Amino acid sequence: MRNVIFVFIAASLVSNCDTKHSILNDPEGALSTFEVEEGFKIELIASEPLIGDPVDMEIDESGRLYVVEMPGYPLDISGSGTVKLLTDTDGDGKMDKSTTFADNLVLPNSLMRWKKGLIVTDAPHVYYLEDSDGDGRADLRDTLLTGFALSNPQHNLNTPLLGIDNWIYLAHEGIVSTETYQREFGDKGGEIHYPDLPSAPRLPENANGRAVRFRPDHGQLEVLSSHTQFGHTFDAWGNHFLVGNANHIYHEVLAQPYLQRNKALLLSDATQSISDHGNAAEVFPTTLNPQHQLLTDVGVITSACGLTAYLGGAFPSPYNENTTFVAEPVSNLIHVDKLKQTGATFTASRIRTHQEFMTSSDARFRPVNMYVGPDGALYVVDYYRQIIEHPEWMGKEVIESGDLYNDADKGRIYRISKKDAGPPAWTKGLALGDASDEDLVSRLADPNIWWRQNAQRLLIDRKSKSSYNLLNDMVVNPNAMGRLHALWTLEGLAQLRPEQIEHALRDREAGIRENAIRLAELHLSESPALVEALLVLKTDSDTRVRFQLLCTLGFLNTKSADSARQHILFQDINDKWVQTAALSASADPATLLTVVIGKAANASGDYSSLLQNLVAMIASRQKPEAIRHLMNHVEAAKRGNRPEVEAAIMEGLAKGLQVSKSPTLLTEYNQRVIVRSFFDNESPAVRKAALHVLQSISGRDAVVYEKARREALRIAEDNTEEETRRADAIDLIAIQNPKNYSRTLIKLFVPQEPLPVQLAALRSLSAIPDTAFSHHLLKKWPLLTPQVQDAAIKTFLTNDDRINILVSAIETGRILPSSISWPRRVMLMAQKNEELRDRSRAIFTENNEQEVNKEYQSALQLKGDIRKGMLVYEKNCAICHQIRESNGIAIGPDLGTIHNWSREAIMAHILAPNLAISSGFDLWSVELLNGENIQGLIASETSGAINLRNVGNADRIINRNDIRSLKPLKMSVMPTGLEKQISKQQMADLLAFLKQNK
């Protein structure tokens, strides 16, 4: 049982709305609406009229409370933002005085104590504000950084955090291209730079949508390998955790320096989602009369923000260690997870099933941020608004109602502490800033991160030589946190000695050994003796220590470093991040190839993916000798009857050759070897891999290829051959223009043939560069099955002539619009040809959604059959959706918690899915330098590559260097026109299936 602070009498509140409204408008009365985990209590420490629209807070070393207010959200850029300084004048633990520390800010959203003032994020700038004369108002305002995009406030830069490594980390992601915010906020950002330091580094436009770190007093500025939305956090050892709307926690596994040292490594995502209960995890709110906007996902995390690792040292078990809290303002709750190390990364698990750490029945409770205070309490920043969603995700009637800024004059800050905790003493004032060096150093071992972090910052700011020996003593202190912070404090003071790093590399605490490796990495050039101390750790018992060592050793090109990397790689071969870290090394990957091939034969583990990626890296460099070496390995695997090795090498070869734009380096003899692998090996994997190599090369030998085509034709026509072998043979024929084989291929494009053969014939015939087969398709259209029809539509989308044939066929009714899947419609409506684009949009946007919804109201009165509803789901929904991460394809949002919605709401979204576009499910158009156009969701990205995902296609990783343009299409991934495919009874069945909580 949780401790229910929720002491309200349901009957009286439900029957008396005025009483309820008065209670919620009274900040003290609102405490009765909360439920919090047993063993904790909740107290109000600040509220209106002292503050309104708070989004972040900071307590400085003197016990002063600063609060950022953002009343301008979502559309007001008039400069209404402020920073307030709150004071507890009577020492009762509650704020009773408010001073405007800074005003005339646009959309300020976060702050951090630094030097004698505050760092405040207010896109496009990062400001430093200081009160130099002690009157409580900032009279100094310097722009530290500028160039960030001023976009949707949910996605602007935010949350400056001081890392244990003495860098300041900024949460940041790319701009969100939505119609409302493109009109109101047109600033896409520029180069990120220090305006007062012209010689300092500059980052590319809007930092390519990545998070950023900087050191203002050193003029350093770097992009990270990851991005995050509103908030991020570090655990006690400096591991970086991130947050997005639906994905409430993910981990930056590989840092940017390890990615950028090897240009041949194409990695589209350096992060790992770590929740074991789903990216859009189910939540359990207690809200009465919630107000959800048009595309609000009900019952799941949809607005996660303010991710905070609890490091306060004052909570009861199991909340005191390895826990993270995240705010979910749409559902009026705070979610908690327990972190557990899992290989190179972590797993985040619920502490309680089917309940949250803290919930409120008040629909206007909007937790957006959290803060660990000097008392070890968790402070919750409550934005307290009627509407938290922004206009792009709500209906016009809400926007036009004037309710967008309701409650803009309100806001609360709550204190969560264990039940027997005393009042917050810090509100009476602190004197950490006046503490002696000895006291500050002792605070590095405090159980509360607030004291440790502020002590480290103040010691580095002071640069007091008298602290050096004290820090040297702390480095060997029995307290692990004291040792850790002392090491990084000495590093920040440029006083860390190599022997101290060596000693830390032997520390009994794994987290300190891991950090010592990071410290050693910074000093390898001037202290090469550290290398030997590092190499000893290759047999360390901790997986994350070994992983960090693998990352660091990637900078060293020595035999001993290479041997240590291999040792770690093969010990942890089944961890994909270990494989990636090993391949990121700047050393020549060819030295690893022979070893991997040898081990693949006799050892267990995931050697196939490692071998593929390794070969792809080698092949992409297009060195003739290397290609010949790879082909020797193909032949050796063939002779040794090792099909798994042969297939892996050829798949890697195909990937590497595809990346390169150079003519093929495969000799005539090499091509014959590949052809024989295709025809002679019984392994489907080998055959597919050989086909992929032949498809990826240019400059094929004409004699070799024509002979192969004739042999492939014989197999294709032989209906006694296995169907996938026949299909592969047809695909081989189409590597070059198959026009001379068209008569035979058309005979294979009939319903009597197996589906794989039909689809292969369809692909091959569409490769003929004219429109004859397009007209043939129209003649045969009524005979084509739905699967073949969808594949056939794709063949029309290759050029304007074919698209014109398709559009005309739809206009004249020869092809029904409902036959065109949503991804295909997007391609038609987003094409470059203006005339064809307009005709396509006229076809697919002709839909009176309100009329359709009205017509289907009778379905709500019908009794639904769950079993039949599952069949309707599998036919119409599973192509883009899953239910609790199964039973479908994960393109659109997971429908696992849609049972929380009303039947009316579910039906409205089924029938009218394009009223707005949910964040994260919009489509992008990518034009490559070779003229190819691709559409899809950006599933993940790094500075070097993007991963494009679309229905019916494999994920495609695209090198950013190959992209000519990348544009949002402002279209949802969800299809329209389902009312033409689902009867009213089927709708009732589908609703019954979706409403069941299973």
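Over which residues does pLDDT stay under 50, and how many contacts beyond four places in sequence does the model have for them?

**View 1. Confidence along the predicted model.** pLDDT, the predictor's confidence in each residue from 0 to 100, stays under 50 over residues 1–22, for which the model has 37 contacts beyond four places in sequence; contact means heavy atoms within 4.5 Å. Over residues 915–920 the pLDDT is also below 50, and this stretch has 17 contacts in the model beyond near neighbours in sequence. Where pLDDT is low, the predicted coordinates should not be read in detail. For the protein, the mean pLDDT is 87, and 87% of residues reach 70 or more. This is a predicted model, in which local features need pLDDT of at least 70 and side-chain atom pairs count only at pLDDT 80 or more, while totals for chains, interfaces and linings use all residues. Residues are numbered from 1 along each chain as its sequence is written, and side-chain values use heavy atoms, with hydrogens and water left out.

**View 2. Val 83 in the largest nonpolar core.** A nonpolar core is a set of buried Ala, Val, Leu, Ile, Met, Phe, Trp, Tyr and Cys residues joined through side-chain atoms within 4.5 Å; buried means under 20% relative accessible area (1.4 Å probe, protein chains only). The largest core has 245 residues, and Val 83 is among those that touch the most other members. Apart from neighbours within four places in sequence, the contacts of Val 83 include Tyr 66, Val 68, Phe 101, Leu 111 and Val 120. A second, separate core of 19 residues includes Leu 860 and Ile 982.

**View 3. Helices H10 and H11.** Helices are DSSP runs (H or I, at least four residues), numbered from the N terminus. H10 (residues 498–505) and H11 (residues 510–522) pack at an angle of about 145°, with axes 8 Å apart; axes are lines fitted to C-alpha atoms over the stretch in contact, and angles run from 0 to 180 degrees between N-to-C directions. Ile 501, Ala 504 and Leu 505 make the contact from H10, and residues including Arg 513 and Leu 519 from H11.

**View 4. Leu 519.** Leu 519 lies in helix H11 and is buried, with a relative accessible area of 1%. Beyond four places in sequence, Leu 519 touches Leu 487, Trp 488, Glu 491, Leu 496 and Ile 501.

**View 5. Helix H23.** Nine of the eleven residues of H23 (residues 723–733) are buried, so this helix is largely enclosed by the rest of the structure. Among the buried residues are Arg 725, Asp 728 and Leu 732.

Key: Buried < 20%, exposed > 50% of the residue type's maximum accessible area, 1.4 Å probe, protein only. Helix = DSSP H or I, 4+ residues; strand = E, 2+ residues; numbered from the N terminus.
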